[in-house]
Amino acid sequence: MITRTRLAAGACALVAALAAGIAFPAGASAGEPTGEDAPKVDLVLDVSGSMRTRDIDGGTRMAAAKQAFNEVLDATPEEVRLGIRTLGADYPGDDRRTGCKDTARLYPVGPLDRTEAKTAVATLAPTGWTPIGPALLAAADDLDGGDGSKRIVLISDGEDTCAPLDPCEVAREIAAKGIGLTIDTLGLVPNATMRQQLSCIAEATGGTYTSIEHTDELTDRVNQLVDRAADPVVTPVATEGAGTCAKAPTLESGLYTDRAEFGQQRWYRVDVLPGQEVRASVSVGADRAVNPSYGVLLRAVTVHGREIVRGEAAGDGRTDVISTGLRYPKAERDDADADKPAAETVCLQVTHSFSVAAGVKTTPGLPLELTVDVVDGPSDADDVASFGLGRGWWLLGLLVLVGFLAGLLWGWLSRWRFAVWRTN
């Protein structure tokens, strides 16, 4: 049994691997960059009038965005072709038709001149409307051509003001083109309506949504997304967990997406050969307003229902995603076990305790992302599984032996000193 400390370490490693995009599902990878087709990223920044609001680290939202952009431009990998597009940056008037056309290419997608890009960002001032839909359509055109990865990173502090061109429908239209473009969204100091809209945009293209309330959070997240564009493209495989282990789908190593209904369990199966180790992590995201206290549980059990190991995590409403993970090494078979089945079926159970207030839709379930990795296990898998101590058992045994010998020596010395005292 692996202890919670070891589980936490395993979960962190798995979630970090997932965030960096280095988990490669068998048969699920989309086209990887070829070297001739460089990865492209278009940063789409909201420069509407509300960006003047001073509620991020004592400064305006615009100041936080500029600082983050400067740091991101310094850290952008050389192989990434990066561009910047604005929305609401030029038209200060009240004419809705004109304001909803206000999107412009601030810096073209291509080889990055950091000084020129920073100078362009420095000229921005909060101005007008929030035409998210038109900006996404234009950004998709900015990234047109080539087979490399394409990513739009949208940073906004409010919902679209140019309906009926619904930005969520625009994102679905972009996804339907099959050009492999991902849209990630970041909401500055979000409200419920904005969170729902930006989550919908991201979900439509397989992207992510992140709430931002501090400058360093914005910098870190945009840097992660730009770096991810340079990694080989990995397309999650849609799957559907079952209500019981017996009916669950059997998964191979890979990245999977599903929906976790409220108050229900999702089951999946993984086959593990002797000498292998299964590593699994799960992330559940809140794509709607949820109550602030929640948790997620990932259990590995046998087909007979005996728990092998578990990973769990709790949240208090400060994050939109909660993750946990586990590891289970299966020992090598001895010759005496030759008649036993070659592979063991491990059942993975995912349960979450998210809840919503009255009036909030509970269907569909919350988005779930599951990573499964079956790798060669440690040289002595049963030792690693022993109470989480692994090869620490050798050290523990040595300490016990040393303590025993030290006790004997101290007892002998005490008896000798007592005998000398009596003689004298």
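Which residue of E7 is the bridge partner of Ser156? It is Gly187, and I would like to build this short talk around the strand that holds that residue, using a predicted model in which local features need pLDDT of at least 70, side-chain atom pairs count only at pLDDT 80 or more, and totals for chains, interfaces and linings use all residues. Residues are numbered from 1 along each chain as its sequence is written, and side-chain values use heavy atoms, with hydrogens and water left out.

Let me begin with the whole protein. There are 10 helices and 17 strands, where helices (H or I, at least four residues) and strands (E, at least two) are DSSP runs numbered from the N terminus. Of the 424 residues, 47% count as buried, and buried here means under 20% relative accessible area, with exposed being over 50% and partly exposed in between, for a 1.4 Å probe and protein chains only. If we take the contacts with a separation of 6 or more, 75% of them come from residues 24 or more positions apart, a contact being heavy atoms within 4.5 Å.

Now to the sheet. An open sheet is formed by 6 strands in the order E5-E4-E1-E6-E7-E8, with mixed pairing, and two strands are said to pair if DSSP finds at least two bridges between them. Its edge strands are E5 (103–110) and E8, each of which pairs on one side only. From one strand to the next the twist averages 15°, where axes are lines fitted to C-alpha atoms, for helices over the stretch in contact, and angles run from 0 to 180 degrees between N-to-C directions.

Within this sheet, E6 (residues 150–156) pairs with E7 in the parallel sense over 7 bridges, and Arg151 stands opposite Thr182 in E7. On the other pairing, E7 and E8 (residues 209–212) are also joined in the parallel sense, over 4 bridges, and there Gly187 has Ser211 as its bridge partner in E8. The chain crosses from E7 through helix H7 (residues 192–204) to E8 in a right-handed β-α-β crossover, that is, with the strands pointing away from the viewer, the path from the first strand over the helix to the second runs clockwise. A right-handed β-α-β unit is likewise made by E6, helix H6 (residues 167–176) and E7.

At 27% relative accessibility, Val189 counts as partly exposed.

Finally, the helices. H5 (residues 132–142) and H6 pack at an angle of about 20°, with their axes 8 Å apart. That makes H5 roughly parallel to H6, a description used for angles under 35 degrees, whereas those over 145 count as roughly antiparallel, 65 to 115 as roughly perpendicular and the rest as oblique. Where they meet, Ile132, Gly133, Leu136, Leu137 and Ala140 in H5 face Pro167, Val170, Glu173 and Ile174 in H6.
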